Amino acid sequence: IDARESGDMEQLEKDCQEFLHTIGQSELIVSDYLASLEERIRRRTQWKGQKESMLFIDPLDEIARGIGPGQLGLWLAPYKIGKSLALCWTAIAYALQGLNVIFFTLEDPKRMVEDRMDAAITAINLWDLPKLPNMTRSRFERFRLLITGRIYLVDGTENQLSIADMRHIWERKLAEGFRCNALVIDYDDEIRPGRRR
């Protein structure tokens with residue numbers, strides 16, 4: 001305000017640039033490709049032995065990479081074709097590979113998600129789960145022996161969660177010692193905006 005009132009446009013421009021930089025408008029990083037070979041070799045060496053996560057769907061794993069660290073994946077399909085089941089399977093496949101997962105269900109109630117996961121894990125038809133409790137228990141225990149990651153379910157069907165709410169839950173679990181490797185959200189249309197415009 002002082003710079004504008006005094007007519008010092010250079011100072012005003014400098015202040016505006018500084019303000020934009022502090023709120024996250026960072027400059028683009030420019031690097032010399034020919035001079036950075038050693039950095040790339042070091043990066044690839046550190047990554048050696050770490051594979052992209054697999055989905056354990058053979059035809060898909062043969063033609064596409066899994067969703068890796070820092071990446072965003074999206075299941076797309078027509079209405080009522082199995083996207084929610086695909087998200088459940090993704091969480092299970094990641095947990096089998098030692099990744100910790102937080103699964104946010106925003107559309108279907110938690111009991112439906114649990115039933116889908118139980119059916120997928122035990123290879124028992126969803127409708128047969130109530131009829132076969134002993135088989136469900138024994139197959140689930142075998143699965144529990146294989147799994148090295150963990151899956152936490154968060155039921156957001158009643159509260160309508162925002163991204164900030166999900167981040168708060170993630171941070172709370174981190175403070176409890178649970179280091180989450182993957183967030184699964186079913187589904188994005190149900191995410192409440194932090195602010196309406």
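This is a predicted model: local features need pLDDT of at least 70, side-chain atom pairs count only at pLDDT 80 or more; totals for chains, interfaces and linings use all residues.
Reader: Why are Ala-182, Val-184 and Asp-186 called buried?

Author: Buried means under 20% relative accessible area. Ala-182, Val-184 and Asp-186 are classed as buried, so each falls under that cut-off. They point to one face of β3.

Reader: What makes β1 and β3 a pair?

Author: Pairing needs at least two bridges. Strand β1 (residues 101-105) and β3 have five, so they count as paired. The sense is parallel. Thr-105 stands opposite Asp-186 in β3.

Reader: Which residues lie nearest the centre of the largest pocket?

Author: Trp-75, Leu-87, Val-184, Ile-185 and Asp-186. The lining has 46 residues, and the space is about 1500 Å³. Helix α5 (83-96) supplies the largest share, six residues. α6 (110-122) and β3 each supply at least two.

Reader: What makes a lining residue such as Val-184 nonpolar and Asp-186 charged?

Author: The residue type decides. Val counts as nonpolar and Asp as charged, so Val-184 and Asp-186 fall in those classes. Overall, the lining of the largest pocket divides into 25 nonpolar, eleven polar and ten charged residues.

Reader: What volume does the second largest pocket have, and what lines it?

Author: Its volume is about 310 Å³. Of its 13 lining residues, Met-117, Asp-118, Ile-121, Phe-140 and Ile-151 are the closest to the centre. α6 gives the most, with five residues. By class, this lining has seven nonpolar, one polar and five charged residues.

Methods
Residues are numbered from 1 along each chain as its sequence is written. Side-chain values use heavy atoms; hydrogens and water are left out. Buried means under 20% relative accessible area, exposed over 50%, partly exposed in between (1.4 Å probe, protein chains only). Helices (H or I, at least four residues) and strands (E, at least two) are DSSP runs, numbered from the N terminus. On a 1 Å grid over the protein atoms alone, a cavity is a set of points where a 1.4 Å probe fits but cannot get out, and a pocket is an open set with protein on both sides within 12 Å along at least five of seven lines; lining residues have an atom within 4 Å of a point. Grid points are joined across faces, edges and corners, and a volume is the space filled by probe spheres set on the points.
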